[in-house]
Amino acid sequence: MNDIEPQPHRASSVYYAIGSAPEPARLRLSGLYAVHRKWCDIANSKDNHQAVTTLNWWHHELEACQKAQTSHPALRAMQAELWRPECANTVQQLLHGHMHWHHLNRVENFEQLQPTIDAIGGQLAKIWLLMCGAEVPVSYTQSAGRALWWIDQLRHLGHNLSNERVWIPMQWLKECDVPAHILLKTDLPAELRAQQLSPLVQKIISQANDECNEYHEQYALLDDDQTDPVRSWHVLMQLRMDLLRVIQTEPEELFKGLVSIAPLRKWWRVVRT
């Protein structure tokens with residue numbers, strides 16, 4: 001696994017989640033994490049030519065992987081799964097979600113954003129669960145992906161917006177009386193940004209909470225023999241929901257740096273999950 005890059009930071013939520021997966025799935029999940037991180041970085045690139053060229057290269061590399069012709073360490077780690085048509089199609093759909101994200105520069109309403117959320121968060125959850133041998137309803141996978149997506153976007157709210165990509169629905173900005181140019185003024189003091197964007201932050205927190213509540217409802221519907229294969233994803237969700245609670249308590253921290261929780265608290269959460 002040492003040649004797979006990037007790897008989750010030790011004591012990160014993903015690190016603990018992968019460590020909670022069945023032993024045979026851990027290498028595959030490390031490969032999945034690596035390509036997902038790479039695709040996220042590429043999709044957020046301001047260099048359109050480089051982003052499109054690189055994402056297209058990954059598309060062809062995934063096809064080569066299915067023929068056992070790839071040399072990329074992360075894809076080699078996933079290769080046993082990518083020979084399964086359902087897994088291969090899901091990873092391709094995840095890549096297409098990132099492609100769509102790269103071209104997304106303005107969202108009018110929530111309904112316009114939802115397909116992209118499902119194409120990234122939903123497909124990531126689906127392939128993760130497939131690699132762990134989980135057989136769960138589509139409603140569980142969908143809720144899992146949506147909840148993760150909203151918490152992750154909220155966590156990066158103070159740092160991942162630009163003139164090239166304002167993913168927050170314009171309808172929400174109007175409802176919260178937040179002009180787009182204020183949203184993009186990242187050079188303002190953190191306290192001032194937190195004050196100006198407070199109504200919007202609370203709306204996004206509310207949306208994230210709604211998605212987490214739906215996830216809890218879907219998880220409660222799983223049979224006992226379904227909960228063990230999904231444990232690694234459930235660990236990730238529990239850690240992300242702990243993070244959401246921290247953000248709710250101190251939302252101004254979003255504009256000071258990347259909000260996190262202590263490794264010991266994460267470890268204790270894993271033990272109890």
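Here are a few friendly questions and answers about the predicted model above.

Residues are numbered from 1 along each chain as its sequence is written, and side-chain values use heavy atoms, leaving out hydrogens and water. Local features need pLDDT of at least 70 and side-chain atom pairs pLDDT 80 or more, while totals for chains, interfaces and linings use all residues.

Me: How many helices and strands does the protein have?
Reply: Helices (H or I, at least four residues) and strands (E, at least two) are DSSP runs, numbered from the N terminus. By that count the protein has 14 helices and zero strands.

Me: What is the radius of gyration of the protein?
Reply: The radius is taken over C-alpha atoms, and the globule rule is 2.2 Å times the number of residues to the power 0.38. For 273 residues the rule gives 19 Å, and the protein is close to that, so it is as compact as a globular protein of that length; its radius of gyration is 19 Å.

Me: Is aspartate 224 buried or exposed?
Reply: Aspartate 224 lies in helix α12 (residues 224-227). Buried means under 20% relative accessible area, exposed over 50%, and partly exposed in between (Shrake-Rupley method, 1.4 Å probe, protein chains only). Because its relative accessible area is 73%, aspartate 224 is exposed.

Me: Which class of accessibility does valine 271 fall in?
Reply: Valine 271 has its place in helix α14 (residues 263-272). Its relative accessibility is 46%, so valine 271 counts as partly exposed.

Me: What share of the 273 residues in the protein is buried?
Reply: With the under 20% cut-off for buried residues, the share among the 273 residues of the protein is 54%.
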